[in-house]
Amino acid sequence: MSTTTTPTSPTALARVRAIAGSEFRLIARSKAVLFSATALPLMFAAFLFVQRETAVEASDDTTASVGMVSMVVMFFVMFTVYITATTTLVTRRQDLFLKRLRSGESSDLVILTGLLVPPVLLCLGQTLLVLVAMVALGNGMPGAWWWLLAALVGLLASSVTAATATAALTPNASAAQISSMPYVALALGTLIASPMTENRWLDLTPGGALVTLVRAAYEMDVYGNVVVAVAGLALWTYFGYDLSKRLFRWEPRH
C-alpha cells in the first residue's frame, strides 16, 4: 500500500525569510550598497565617539549623550534604511525582480516585507552596537528607555513608508540618489534645528520628534511634547503609506 503526500505551500513567514535571505546576499554582493548601508554609518558613529569628549567639555555628559544618540539613530535610519530601501525597490523593479515575485504566490505585503527586513535589521544591529559601546565606555543608559524605543520604532516605520513612496516616484537607481535627498535634508535639518530653535512645532517633523523623544529618554527637559512627537512620526508613517498605496508600481517606470 503506497501513500502519497500532498506538498504544502510555504507559509507567509517562510516566504518573507526566503526573500529577505536573498536580499541580504544581494546587499553583500553590491560594494556600493554594502558601504552606504554598513561602513558609512559606522564610520560616522566612530567619528562621534572621537568627538564626544569635546562635546562633554562644551556642555555636560547627558547633553553630549543625547546629541550623540540622536545623530547616530538618525544617520543610521537615513542611510541604512531609507536610502538603501529606496534604491533596493527601484533597482529590483527595473530588473523585473518585483514583477517575477508578484507572479508567484507571495502577496504584495510579503514581498515588500521580505525586501525591507534586511535594512531594518542592519539598522537595529548598528544601533544596538553603538548603545553597547556607549555603556562599555562609561555612559549610562537612558532612564526612560521606552521613549528611545518609541523614537526608533517610529522613525523606522516612517522611513520605510517614505522609502516606498519615494521609490514609487523614482524611475531608476541613478534618479534615486536625487529623489531621496529632500527627505534626508528634512530629517537632518530638523534634527539640527530642533535644539537651537526650541520650536514645539518641530515635534511634527522627523528630526524634531527624535530630539524630543531622546531628551525624554534621558529625563531631560523637552522643548515640545512627547505625545505630539509620537503623533508626528505616526503622521509621517501614514503619509508614506498612503502615497505608496496610491502610486507604487510593480513594473518599471519610463
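This is a predicted model: local features need pLDDT of at least 70, side-chain atom pairs count only at pLDDT 80 or more; totals for chains, interfaces and linings use all residues.

Colleague: How many helices and strands does the protein have?

Modeller: The secondary structure comes to 10 helices and 0 strands, counted as DSSP runs (H or I, at least four residues, for helices; E, at least two, for strands) and numbered from the N terminus.

Colleague: What share of the residues is buried?

Modeller: 44% of the 254 residues count as buried. Buried is under 20% relative accessible area, exposed is over 50%, and partly exposed is in between (1.4 Å probe, protein chains only).

Colleague: Tell me about H3. What does it span?

Modeller: H3 covers residues 61-94, 34 residues in total, and reaches 48 Å from its first C-alpha to its last, close to the 50 Å expected. The expected span is 1.5 Å times one less than the number of residues. H3 has a kink of about 30 degrees centred on methionine 78; the bend at a residue is the angle between axes fitted to the seven residues ending there and the seven starting there.

Colleague: Why call H3 largely enclosed by the rest of the structure?

Modeller: Because 26 of its 34 residues are buried. After H3 comes leucine 96, with a positive phi near 65 degrees.

Colleague: OK, aromatics. How many pairs?

Modeller: There are 8 aromatic pairs. Rings of Phe, Tyr and Trp (its six-membered ring) pair if their centres lie within 6.5 Å; planes under 30 degrees apart count as stacked, over 60 as edge-to-face and the rest as tilted. One of them is tyrosine 82 with tyrosine 183, tilted because the planes sit at 50 degrees, with centres 4.9 Å apart. Tyrosine 82 is in H3 and tyrosine 183 in H8 (residues 181-197), so the pair ties together parts 101 residues apart in sequence.

Colleague: Are those two tyrosines buried or exposed?

Modeller: Tyrosine 82 and tyrosine 183 are both buried. They also belong to one aromatic cluster with Trp236, Tyr238 and Phe239.

Colleague: What about phenylalanine 248 and tryptophan 250?

Modeller: Phenylalanine 248 and tryptophan 250 are edge-to-face, 5.3 Å centre to centre with 85 degrees between the planes. Phenylalanine 248 is buried at 9% relative accessible area, and tryptophan 250 counts as buried at 11%. The charged end of arginine 93 sits over the ring of phenylalanine 248, 5.8 Å from its centre; the rule is NZ of Lys or CZ of Arg within 6 Å of the ring centre and within 35 degrees of the ring normal.

Colleague: Last one: which residues does threonine 127 contact?

Modeller: Beyond its neighbours within four places in sequence, threonine 127 is in contact with Val73, Phe76 and Leu152, where contact is heavy atoms within 4.5 Å. Threonine 127 is in H5 (residues 108-136) and counts as buried at 6% relative accessibility.

How values were computed. Residues are numbered from 1 along each chain as its sequence is written. Side-chain values use heavy atoms; hydrogens and water are left out.
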